[in-house]
Amino acid sequence: MSYCRQEGKDRIIFATKEDHEIPSSAELVADDPDDPYEEQGLILPNGDINWNCPCLGGMASGPCGEQFKSAFSCFHYSTEEIKGSDCVDQFRAMQECMQKYPDLYPQEDENDEKSSKDLEAASVEASDAKEEKGSS
C-alpha cells in the first residue's frame with residue numbers, strides 16, 4: 001500500500017512494487033521556445049537567434065549591442081557562397097563601435113593583432129570578390 005506524508009517543506013511518497021507495475025499516464029509537453037526559464041541554445045527551434053543565450057557573453061546588450069545583433073544576424077542568415085561575405089559593412093560598424101569603448105571591449109594583445117589583420121584582409125578580399133562577381 002503506497003502512502004504520502006509531509007515533513008516540513010518535503011513531501012515523502014512511498015510506492016509499492018504494484019504501483020510501479022502500472023504504466024505511467026503522464027504526457028510529455030512540448031518545449032515552449034518562448035519560455036524564458038527554459039534553457040535554449042543559440043538558435044531557437046524556430047530558427048531565430050536566442051539573444052538571451054549566455055553563450056553570447058552579453059554582446060547583444062550594451063552600447064554596441066545593436067551593431068552586434070545586426071552583424072550576427074547578417075552572418076547567420078547569409079546565403080552567400082562565402083558565408084557572411086555580404087556582412088562586411090555590419091561587422092565594420094560593430095568594430096568601430098567597440099573601439100569607442102575600450103574598457104568594455106578590450107582590444108587584442110600583440111600576439112592576436114596579426115590574426116586580426118589577416119581576418120580584416122580576408123573580409124576585404126571577400127568584399128572585393130563579391131563586387132567583381134556582381135560587375136561580371
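What follows covers the basis of the values, the disulfides and the core.

This is a predicted model, in which local features need pLDDT of at least 70 and side-chain atom pairs count only at pLDDT 80 or more, while totals for chains, interfaces and linings use all residues. Residues are numbered from 1 along each chain as its sequence is written, and side-chain values use heavy atoms, with hydrogens and water left out.

**Disulfides**

- Cys53 is buried at 8% relative accessible area, whereas Cys55 is exposed at 51% (buried means under 20%, exposed over 50%, partly exposed in between, with a 1.4 Å probe and protein chains only).
- Cys64 and Cys97 are joined at 2.0 Å, S to S, and their link is left-handed, with -90° about the S-S bond.
- Cys74 and Cys87 form a disulfide with sulfur atoms 2.1 Å apart, and both residues are buried.

**Nonpolar core**

- The largest nonpolar core has 9 residues, among them Leu56, Phe68, Met94 and Tyr105; such a core is a set of buried Ala, Val, Leu, Ile, Met, Phe, Trp, Tyr and Cys residues joined through side-chain atoms within 4.5 Å.
- Cys64 and Cys97 also belong to this core, and they are buried at 1% and 6% relative accessible area, respectively.

Methods: Disulfide = S-S within 2.5 Å.
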